Amino acid sequence: MAFAGFVVLLILAVNAALFLAMLAWPLNWWGGFTLPRSFFETNTFVVLLFVLGGWWLESGQFAQGGLALAQRLGAQRIPEEGADFAQQQLRNIALEQTLAANMPMPTVLVLPRVQEVNAFAAGWRPADWAIVVTDGALQALSRDELEGLVAHELSHLREGDTLLNMRLAGMVGGLDMLYNFGRSIAQPDLDSRERGPWALFGFAIMACGWVGHLCGQLLKSAVSREREYLADARAVQWTRNKEGLGRTLRKVLYLQRQDLRAMPTHSCVQHMLLIDTQEAHGRLSDWLASHPTLDQRIERIYGEPMDEVYAQTPR
Amino acid sequence: MAAWIAGLIVLAVIIWAIVAYNRLIAFRNSISNAHGQIDVQLRRRYDLVPNLVEVARKYMQHERETLQAVTLARARAVSASDALRAKPSSAPAAAALADAEGALSLGLGRLLVLSEAYPELKANESLRDLREELTSTENRVAFTRQAYNDEVLAFNNALQSFPDLMVAKVFGFEAAGVLRSTDNAQQRETVRIAL
């Protein structure tokens with residue numbers, strides 16, 4: 001709903017911007033000022049084409065469901081037979097927590113060869129629900145801590161956050177398309193390294209796309225941040241143990257201060273992670289961050305600020 | 001005009017009553033689902049215990065008493081559960097089952113603590129698997145009970161708060177009871193480990 005209103009605003013903005021660009025168009029300085037035929041109709045059509053097309057393309061990435069998405073990112077299912085101890089334990093934990101949450105069991109996957117402590121959940125409906133835990137988390141966390149981490153991810157599934165997030169990601173992707181289109185027009189010519197006068201149109205479209213992109217990100221982030229707090233609260237409720245998730249976050253805090261570089265994650269799952277991998281600095285990036293800071297989350301879990309907890313640095 | 005307004009108000013009240021009724025029904029169904037889960041997990045535990053005891057016997061010869069207590073508690077729980085199945089409304093049978101389950105939980109918990117007390121076996125893989133299986137089994141039983149209580153709490157809150165209270169009264173919804181710990185003083189006796 002908000003998205004539809006937003007697209008209408010965007011169409012108006014693009015039309016206005018292109019009209020201004022038209023006024024500044026060099027050829028119009030000589031002859032009388034005339035608009036090309038169907039000027040506004042064409043603009044509207046192009047904007048719709050890009051935003052809706054981009055939305056459709058982005059959504060296509062998720063159309064096959066959470067499990068397929070997880071597998072495309074390289075996560076591996078835990079085998080029924082012959083899983084090693086840590087993986088078997090992870091599956092047991094997931095099953096226990098689904099009982100505590102009174103919800104269906106998702107597929108549990110492990111992201112191999114990733115040293116960072118992280119996890120994410122994805123899925124449209126229970127049949128393709130998946131939670132993915134990194135190898136690093138399996139090594140660095142105790143059973144209780146894994147329990148907190150798994151419960152946090154399960155909350156994202158049960159409360160419908162993954163569904164919402166995948167829809168939002170599609171919409172923001174559509175808005176991105178417009179920005180990229182504008183940029184491709186505004187880029188200088190490869191041969192002459194000069195910008196043609198049409199670059200003006202490019203900049204106008206880019207500006208509109210950028211505003212759209214920014215608003216989309218703000219919306220996505222605001223929703224996402226509240227959902228993170230909810231998932232933290234659910235994890236404490238289901239495990240009846242604030243130390244589980246609490247210590248997980250404090251260990252991650254320690255690892256981050258050891259300047260362990262976070263892995264670059266596919267941007268489409270950024271907002272589904274346990275811990276955001278993009279560092280946020282400054283007011284604007286605070287608003288754009290998809291997660292509250294670790295300190296804020298730890299403080300909400302314990303009711304007071306807590307220190308980091310030593311975790312063995314993965315080799 | 002006044003008749004129209006009165007009609008609209010009546011319609012709104014009826015719609016609200018339907019929504020409230022459906023919400024209570026959904027709560028009640030998830031309670032019965034949660035209750036079913038407890039049963040499933042208890043069954044699983046009965047099936048698993050002989051297996052676990054068999055593995056434990058290999059490594060913990062000195063804990064014959066505890067192992068025997070677990071086996072006994074399981075037998076008692078199985079027969080109590082069969083008795084309750086035959087007569088689901090019997091209060092003494094339910095109490096007997098709760099008691100037997102409590103004893104079984106306690107025995108398995110003790111086994112778990114004892115298994116931790118074998119430092120030379122800490123690295124032993126079979127024992128590690130056994131410990132994990134025990135922990136998970138106990139967690140599953142505990143978490144199903146916890147989930148049941150959570151659902152009951154949500155249901156009772158909805159039931160007893162105004163204005164849904166009125167719908168509940170009219171249709172005769174009754175508050176559900178939460179499960180409580182059945183441990184008595186003798187059962188709660190702490191685990192002693194001789195080293």
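1. A salt bridge here is a side-chain nitrogen of Lys or Arg within 4 Å of a carboxyl oxygen of Asp or Glu. Between chain B and chain A the count is 2 salt bridges. Side chains of opposite charge can pair when their charged atoms come close.

2. Before going further, please keep in mind that this is a predicted model, where local features need pLDDT of at least 70, side-chain atom pairs count only at pLDDT 80 or more, and totals for chains, interfaces and linings use all residues. Residues are numbered from 1 along each chain as its sequence is written, chains are lettered from A and ligands numbered from 1 in the order in which they are written, and side-chain values use heavy atoms, with hydrogens and water left out.

3. Now for the interface as a whole. Chain B brings 19 residues to the contact and chain A brings 15 residues; contact means heavy atoms within 4.5 Å. About 1400 Å² is buried between the two chains, and carbon and sulfur atoms give 48% of that area. Buried area is the accessible area (1.4 Å probe) that two parts lose on being put together, summed over both. In chain B, the residues that lose the most area to chain A are B:Glu132, B:Arg140 and B:Phe143, together 40% of what that side buries.

4. There are also 12 residue pairs in polar contact between chain B and chain A, both residues being at pLDDT 80 or more. A polar contact is a pair of N or O atoms within 3.5 Å; within protein, one must be able to donate a hydrogen and the other to accept it, and residues adjacent in sequence count only if both atoms are side-chain atoms. On the side of chain B that touches chain A, the elements giving two or more residues are α1 (2-59) and α4 (125-160) of chain B. Of these, α4(B) gives the most, with 14 residues. By class, that side of chain B has 3 nonpolar, 9 polar and 7 charged residues. For these classes, Ala, Val, Leu, Ile, Met, Phe, Trp, Tyr, Cys and Pro count as nonpolar, Asp, Glu, Lys and Arg as charged, and the others, Gly among them, as polar.

5. Chain B itself has 5 helices and 0 strands. Helices (H or I, at least four residues) and strands (E, at least two) are DSSP runs, numbered from the N terminus. Of the 195 residues of chain B, 37% count as buried. Buried means under 20% relative accessible area, exposed over 50%, and partly exposed in between (1.4 Å probe, protein chains only). Among contacts in chain B between residues at least 6 apart in sequence, 77% join residues at least 24 apart.

6. Over all chains, the count comes to 18 salt bridges. One of them joins the side chains of A:Lys251 and A:Glu145 at 3.0 Å, N to O. This pair links distant parts of the chain, with A:Lys251 in helix α9 (residues 242-257) of chain A and A:Glu145 in helix α6 (residues 143-158) of chain A, 106 residues apart. A:Lys251 counts as buried at 10% relative accessibility, and A:Glu145 counts as buried at 3%.

7. A:Asp232 forms another salt bridge, with A:Arg297, the closest N and O atoms being 2.9 Å apart. A:Asp232 lies in helix α8 of chain A and A:Arg297 in helix α11 (residues 294-302) of chain A, so the pair ties together parts that are 65 residues apart in sequence. A:Asp232 is buried, with a relative accessible area of 4%, and A:Arg297 is buried, with 1%.

8. Finally, the cores. A nonpolar core is a set of buried Ala, Val, Leu, Ile, Met, Phe, Trp, Tyr and Cys residues joined through side-chain atoms within 4.5 Å. The largest has 41 residues, and those with the most contacts inside it are A:Leu90 and A:Val150. Not counting residues up to four places away in sequence, A:Leu90 touches residues including A:Ile78, A:Val108, A:Leu138 and A:Val150. Another core, of 40 residues, lies apart from the largest one, and has B:Val49, B:Val70, B:Ala77 and B:Val141 among them.
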